[in-house]
Amino acid sequence: MASTLTAPPTVDDRVSSRSLGARLLSRPEVGSLVGAVVVLVFFLIVAPPFRELATTGTILYQSALIGVMAVPVALLMIGGEFDLSAGVAVTTAGLTAGLFSYQFSTNVWVGVAVSLVVMICIGAFNGWLLMRTGLPSFLVTLGTFFILQGLNLGVTRVLSGTVSSNSISDMDGFSSAQAVFASEFKLGPLNVKILVVWWIVFVALGTWVLLKTKVGNWIFAVGGDAAAARAVGVPVKRVKIGLFITVGVFAWFSGMHLLFNQAVVQSGEGVGKEFIYIIAAVVGGCLLTGGYGSVVGSAIGALIFGMTQLGVVYAGWNADWFKAFLGVMLLLATIVNLAVKRRADLR
Amino acid sequence: MVRWQKKAVATGAALVLVAALGACSSSGGKQEEESSGGAAGNVADTPRMKVAFITHAAPGDTFWDLVRKGAEAAAAKDNVELQYSGAPEGADQANLVQTAIDQKVDGLAVTLAKPDAMQANVKKAADGGIPVVALNGGIEAWQAAGALGYFGQDERIAGQAAGAKLTELGAKKAVCVIQEQGHVGLEARCQGVKDKFPNVEKLYITGTDMPGSQTTMTSKLQQDKSIDYVVTLGAPFALAAVKSVKDAGSSAKVGTFDTNKDLIGAIKSGDVQWAVDQQPYLQGYLAVDSLWLYKTNGNTIGGGQPTLTGPAFIDKGNVAAVEKFAAGGTR
């Protein structure tokens with residue numbers, strides 16, 4: 001790194017072209033990709049059911065449960081902010097739709113629409129409060145996290161009289177909504193949950209926005225240095241509020257999956273999942289400080305987490321040690337990730 | 001805020017309202033809710049007393065909802081002001097007991113799921129002249145803590161009942177699904193199952209993550225295809241297990257501890273085979289009612305012995321008797 005003092009370069013190193021390999025290695029997601037391959041090979045060896053095609057569907061589904069939310073969380077982190085309310089917001093979305101449809105006896109699609117509006121408002125509120133106060137997003141969204149957690153329980157109890165939303169499985173529009181948000185289909189021997197398809201779509205969309213559009217450049221800019229970004233004309237406030245709204249919209253989508261998968265939502269759910277989303281984004285190469293990362297990386301991070309979570313079960317290891325195995329595997333994956341990135345930086 | 005944003009929000013809200021008015025569901029929903037005639041009896045004319053009801057419940061658990069409803073029903077009947085609170089951590093729950101002592105409540109109902117953390121403060125309340133009853137957890141600890149009575153089930157015995165049921169049904173291999181790691185009562189249930197049905201394996205899931213719980217159970221069923229019975233320790237997890245069985249293409253059956261409204265429906269439709277019922281409503285009701293009896297007439301329930309509210313089985317044979325109460329949210 002510091003050895004550049006010796007021979008002065010003949011060409012300006014800022015414009016010198018690097019080899020394809022070096023360019024690939026410098027992508028944020030490469031380290032995690034290697035980590036994912038290591039985890040995959042490891043479990044292919046130790047867990048026989050891992051080799052069956054039928055289990056692939058389950059693993060992809062588990063990963064999608066994390067991965068769908070990891071997309072906006074990664075974008076937000078690249079934009080330099082956190083959202084600790086993302087986990088319980090998913091529950092809020094599901095409860096809103098379920099409770100609204102039930103209480104007003106409407107077609108469930110009405111509840112779905114109301115929920116979307118509510119989630120956009122929550123996202124906008126997070127972003128607006130952050131921009132207005134200038135407080136760290138860690139604090140602002142921690143506040144929203146507690147507020148939503150309390151509202152989830154309190155409002156549900158007032159409206160339904162219990163702590164879970166009422167079942168809406170026999171109401172109009174349920175089957176069509178279920179087809180969109182929580183159905184499954186056969187692909188050969190593979191049982192594919194629709195959420196997995198949506199996940200792939202969202203990752204592609206997120207990557208396109210991030211790498212190919214003006215907004216994508218803005219996201220990198222506000223995360224790297226907000227003041228500098230403002231100075232060159234990037235609408236910092238709008239970008240950040242927009243990112244929080246994006247998290248809200250994705251939380252809405254995940255909440256709809258939660259609701260239409262079971263027809264009821266337990267009001268205490270979602271606590272702690274916000275960290276899993278952040279972990280997926282970070283394992284996938286997002287920096288905690290912002291300005292660097294990738295959406296594809298977040299998907300790989302989710303995949304690592306999903307494979308490890310279920311891999312421990314597939315391997316049939318003693319359940320008492322589950323969390324310990326999980327932690328060790330995640331550490332291994334991140335260390336491999338780090339090692340690869342170090343090598344890449346050396347080139 | 002920019003003007004167009006306000007406009008967009010207003011338009012959105014209006015659209016939703018219009019859609020809501022024009023899109024009513026022809027089935028389900030609140031419109032079909034039966035008005036369950038609650039027991040609106042007369043209130044006792046005894047002086048108003050204040051009872052603190054302190055549990056180890058995590059917020060948002062359907063089981064504790066039933067306990068609370070029972071406690072509230074008794075409180076309404078006995079002219080009791082009920083202070084319901086809960087904290088999953090032992091130390092936090094012990095602190096709540098201390099705040100009840102500070103408030104000089106007239107009675108204390110408490111769960112002793114973490115007896116070691118609770119013992120000192122509960123004893124202090126009892127020694128200070130506050131009548132104490134224990135419920136749900138702590139069948140070994142309530143007497144030492146100075147409680148007048150105990151209402152609940154022995155988790156180990158409940159587990160054994162489930163284990164015996166598995167043997168009786170001719171199950172070959174079962175998995176016992178625990179939704180909270182390190183929970184003494186839940187571990188005791190699985191241990192009880194193992195006592196009477198040795199070929200059982202434990203599986204941990206994260207109780208606050210329902211889809212994740214579902215995939216974890218699916219993967220277990222895919223990993224070990226010889227599993228023909230899934231035993232969950234809470235009603236919501238049984239319903240997730242039904243989905244897991246389907247996802248895994250397994251033919252395993254599902255049995256569970258504890259019930260709620262949706263679970264009763266699942267037993268009726270045959271998705272879930274049976275539930276071990278410990279009558280949470282009764283636990284809450286008896287705890288409050290016994291404090292009232294003690295205060296007004298010096299009675300104790302149980303005669304120094306634990307009062308067992310379970311285990312009883314709900315299955316297809318007797319589900320009809322429970323169904324209408326479950327619809328009202330009290331079973």
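# Questions on a predicted two-chain model

Chain A of this predicted model has 14 helices and two strands.

Q: Does the radius of gyration of chain A agree or disagree with that of a compact globule, and what is its value?
A: Chain A has 347 residues. For that number, a compact globule would have a radius of gyration near 20 Å. The radius of chain A agrees with this, at 22 Å.

Q: What percentage of the residues in chain A are buried?
A: A residue counts as buried if 20 or more other C-beta atoms lie within 10 Å of its own. Of the 347 residues in chain A, the share that is buried is 54%.

Q: At what distance apart are the axes of helix 5 and helix 11 of chain A?
A: Two packed helices are described by the angle between their axes and the distance between the axes. Helix 5 (residues 108–133) and helix 11 (residues 236–262) of chain A pack at an angle of about 145 degrees. Their contact holds 17 nonpolar, six polar and two charged residues. The axes of helix 5 and helix 11 of chain A are apart by 7 Å.

Q: Which helix gives the largest share of the side of chain A that touches chain B?
A: In the contact between the chains, 48 residues of chain A meet 41 residues of chain B. Elements giving two or more residues to this side of chain A include helix 4 (86–103) and helix 13 (295–314) of chain A. The largest share is six residues, and it comes from helix 3 of chain A.

Q: Which strands stand at the edges of the open sheet in chain B?
A: Six strands of chain B form this sheet in the order 2-1-3-4-5-11, with parallel pairing.

Q: Which residue in strand 2 of chain B is the bridge partner of Phe53(B)?
A: Strand 1 (residues 49–55) of chain B pairs with strand 2 of chain B in the parallel sense, over seven bridges. Helix 3 (residues 90–102) of chain B lies across strand 1, strand 2 and strand 3 (107–111) of chain B. The bridge partner of Phe53(B) in strand 2 of chain B is Tyr84(B).

Q: Which residue with a positive phi follows helix 9 of chain B?
A: Helix 9 (residues 261–269) of chain B has buried residues, among them Leu263(B) and Ile267(B). The buried residues of helix 9 pack against several elements of chain B, including helix 8 (235–247) and strand 9 (253–257). After helix 9 of chain B, with phi near 90 degrees, comes Gly270(B).

Terms used: Residues numbered from 1 in each chain as written. Chains lettered and ligands numbered in written order. Predicted model: local features only at pLDDT ≥ 70, side-chain atom pairs only at ≥ 80, totals over all residues. Pairing = 2+ DSSP bridges. Helix = DSSP H or I, 4+ residues; strand = E, 2+ residues; numbered from the N terminus. Contact = placed C-beta atoms within 7 Å. Axes fitted to C-alpha atoms, helices over the stretch in contact; angles between N-to-C directions. Buried ≥ 20, exposed ≤ 12 C-beta atoms within 10 Å, placed from the backbone. Nonpolar A, V, L, I, M, F, W, Y, C, P; charged D, E, K, R; others polar. Rg over C-alpha atoms; globule rule 2.2 N^0.38 Å.
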